Amino acid sequence: MALLEIKNLHARIGDTDILHGINLTINRGEVHAIMGPNGSGKSTLSYVLSGRNGYEITEGDILLDGESLLEMEADERARAGMFLAFQYPVELPGVGGMAFLRAAVNARLREQGEDEVDQLGFVKLVRAKATELGIKDDMLKRAVNVGFSGGEKKRYEILQMALLNPSIAILDETDSGLDVDALKIVSEGVNSQRGPEIGMVVITHYQRLLSHIVPDFVHILSAGKIIKTGDKSLALDVEENGYTDLMENANVA
Amino acid sequence: MSPDTITLSSVQNRAQERFTESGWPAKKSEAWKYTSLDALASASPQPANDISGAVAMPAGIAGQQSRLVFQGGLFRDDLSDALPAGVQLVMLGEDERALAAIDEIGASDNLVPRLTVAKMTAGISLRVAQGIVVDRPIMLQFVGGAPATASHPVIHIDVGDAAHLAYAEHHETDNGLSAPFIVVRVGGGATLDHIKLQLESATTQHLGLTCLSLGERADVNSMSLSLGGALSRLETHVRLDGEYGELGLSSIYLGKNNQHHDMTTRVAHEVANCNSRQIIRGVLDDKARGVFQGQVRVAPHAQKTDGQQMSRALLLSRDAEADAKPELEIFADDVVCSHGATVGELDETHLFYLRSRGIDEAEARAMLIDAFLIEAVAEIRHQGFADLFSPFLSGWQVPRKG
């Protein structure tokens with residue numbers, strides 16, 4: 001069975017239709033890149049998949065392991081294995097980082113019918129994963145994302161992904177705001193989590209992320225539809241020629 | 001009786017005359033603009049003269065305090081603990097200085113010092129001798145009572161020069177009206193840690209006034225929580241009378257259903273070089289209403305005053321309402337004073353971020369409410385008081401899972 005199936009997905013915010021019938025099937029072990037120009041619906045797609053309020057799905061369905069997600073709230077989807085790495089991770093003043101991570105991990109463990117982690121064991125686990133991502137101890141003690149640089153916020157997203165062990169991860173413009181070194185660390189963090197059990201959707205405007213996180217499939221999103229699908233060479237094609245040609249060809253087609 | 005002699009009955013008689021003259025606050029009275037006492041004035045619960053209600057002793061700081069128990073407004077010496085060495089308890093009538101201070105406050109136009117002194121149900125005076133450090137907090141516990149009765153305890157506390165006192169007030173009565181009047185003189189170089197827990201029954205109206213005066217280099221850290229009661233007003237007046245005084249005066253109110261919480265403070269910087277800092281946080285659900293009125297007055301010669309005040313309210317429901325009225329009256333020119341008041345809702349983006357990590361809505365909201373309050377909670381200096389305080393905040397919220 002496919003891990004994630006997006007079937008003829010139409011979505012709108014208020015009176016504005018944004019997604020116009022997206023079809024996409026992701027199997028375990030696959031990494032799919034979704035590329036597109038600004039305003040093509042990339043972020044909307046990530047929010048609709050993760051269950052953010054305010055988006056209306058007018059047609060179609062999203063299935064995770066064969067189960068429709070449409071009636072599930074964001075937290076239920078997350079506990080079922082969905083993870084969204086935010087383009088702009090949210091600062092939560094006053095919410096302690098460790099308490100936040102532990103609440104998230106315990107929510108997922110409870111859902112899976114497993115024992116919650118004890119505090120000491122959890123701190124050890126977090127420290128080990130954090131070290132791999134170059135996250136300093138003092139960052140872990142701060143309030144969630146407060147006082148973090150852009151690169152630190154992205155690393156913290158990948159840390160959460162590593163701790164939550166999702167079955168499907170959506171990385172929304174994870175490369176935005178990263179310098180070359182930070183991009184490398186974040187990409188290594190993502191790559192270390194690739195495996196036969198997880199599916200990934202890497203949403204990006206630029207090709208550069210995809211030379212670090214090499215996708216199995218590349219889809220071009222334009223005006224709320226996937227207009228072309230290919231392998232990693234399609235990303236290079238975009239890099240070379242831009243989106244305009246592809247969009248024009250799609251219109252002709 | 002010589003004209004110089006001040007007696008409890010003369011002070012009470014004057015309070016009664018003043019109350020008869022001024023009566024309940026008029027509707028258009030500026031100080032009572034947001035809080036109506038009409039229901040109270042018409043119900044007019046009578047001062048308790050018998051012990052009533054059960055004494056369910058609230059938990060304190062396990063085995064670490066000296067309790068003074070007031071049942072339905074009456075002092076229960078027999079249920080109270082012995083006080084630490086250096087702390088003296090006398091009946092109010094035996095303390096002329098305390099009576100004079102109380103009488104003087106009653107002369108200015110205010111409700112509680114008149115009503116409560118006139119109808120006094122218990123009056124005690126506590127004196128902490130000069131230089132004495134009271135490690136074990138004194139807990140004033142107000143319990144019991146009945147809906148038809150009113151409790152009017154009058155308490156004077158004198159913290160001697162260079163002494164240290166920690167005292168807590170725990171108000172959990174079933175009285176129709178609970179109107180404590182507490183006057184505290186903090187001597188030169190003395191420190192005071194104080195918390196007040198307003199956990200009255202759902203039908204109680206609580207009108208409390210605490211008046212503090214600070215001598216030179218006195219240092220006060222005070223936190224109030226207003227959580228119970230149908231209608232409550234926690235009013236605090238502070239006079240900084242000696243230079244280099246330090247005042248931390250913070251409060252939290254949590255309202256549900258039709259509760260009305262009024263936090264009113266009046267801080268007077270009478271002399272130079274004093275600091276005052278107020279952090280107020282309110283969370284209101286259902287149709288609850290919250291009021292913060294904060295007056296900071298800086299006298300003409302009170303230069304180098306630093307007076308800060310920040311009030312924030314969080315509305316969890318469309319029907320909840322928060323009003324804030326900060327007032328700065330500054331007559332000195334070399335001062336740093338600021339105030340701010342905000343009213344807001346939980347941020348949808350914050351909620352979504354937490355929920356996208358699998359944290360359910362109730363827990364996510366609880367985490368954000370805790371985060372909203374944490375800055376005020378962090379103001380509590382006394383660790384035992386902080387430990388006593390925090391469970392009421394989490395207990396107020398929707399029960400958490402796991």
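**Questions on two chains**

User: Helix H4 of chain A is followed by which residue with a positive phi?

Analyst: This is a predicted model. In chain A, helix H4 covers residues 119-132. After H4(A) comes a residue whose phi is positive, near 65°, and that residue is A:Gly134.

User: What length does helix H4 of chain A reach from its first C-alpha to its last?

Analyst: The helix has 14 residues, and the expectation rests on 1.5 Å a residue. The expected span is 1.5 Å times one less than the number of residues. The expected value is 20 Å, and the helix comes close to it, reaching 20 Å.

User: What percentage of the residues of chain A count as buried?

Analyst: A residue is buried if 20 or more other C-beta atoms lie within 10 Å of its own. Applied to the 253 residues of chain A, this gives 43%.

User: What share of the contacts in chain A with a separation of 6 or more comes from residues 24 or more positions apart?

Analyst: Two residues are in contact if their C-beta atoms lie within 7 Å. Among contacts in chain A with a separation of 6 or more, residues 24 or more positions apart account for 71%.

User: Which element gives the largest share of the side of chain A that touches chain B?

Analyst: The contact joins 22 residues of chain A to 18 residues of chain B. At least two residues each come from helix H2 (74-79), strand E7 (92-96), helix H3 (97-111) and helix H6 (150-164) of chain A. By class, this side of chain A has 11 nonpolar, 4 polar and 7 charged residues. The largest share, 6 residues, comes from H3(A).

User: Within chain B, which strand gives the most to the side of domain 1 that touches domain 2?

Analyst: Chain B is divided into domain 1 (8-348) and domain 2 (349-402), whose C-alpha centres lie 26 Å apart. Their contact takes 24 residues from domain 1 of chain B and 22 residues from domain 2 of chain B. Several strands of chain B each supply at least two residues of the domain 1 side, among them E9 (164-173) and E18 (275-284). The strand that gives the most, with 4 residues, is E16(B).

Methods. Residues are numbered from 1 along each chain as its sequence is written. Chains are lettered from A and ligands numbered from 1 in the order in which they are written. This is a predicted model: local features need pLDDT of at least 70, side-chain atom pairs count only at pLDDT 80 or more; totals for chains, interfaces and linings use all residues. Ala, Val, Leu, Ile, Met, Phe, Trp, Tyr, Cys and Pro count as nonpolar, Asp, Glu, Lys and Arg as charged, and the others, Gly among them, as polar. A residue is buried if 20 or more other C-beta atoms lie within 10 Å of its own, exposed if 12 or fewer, and partly exposed in between; C-beta atoms are placed from the backbone. Domain bounds come from an automatic or database domain assignment.
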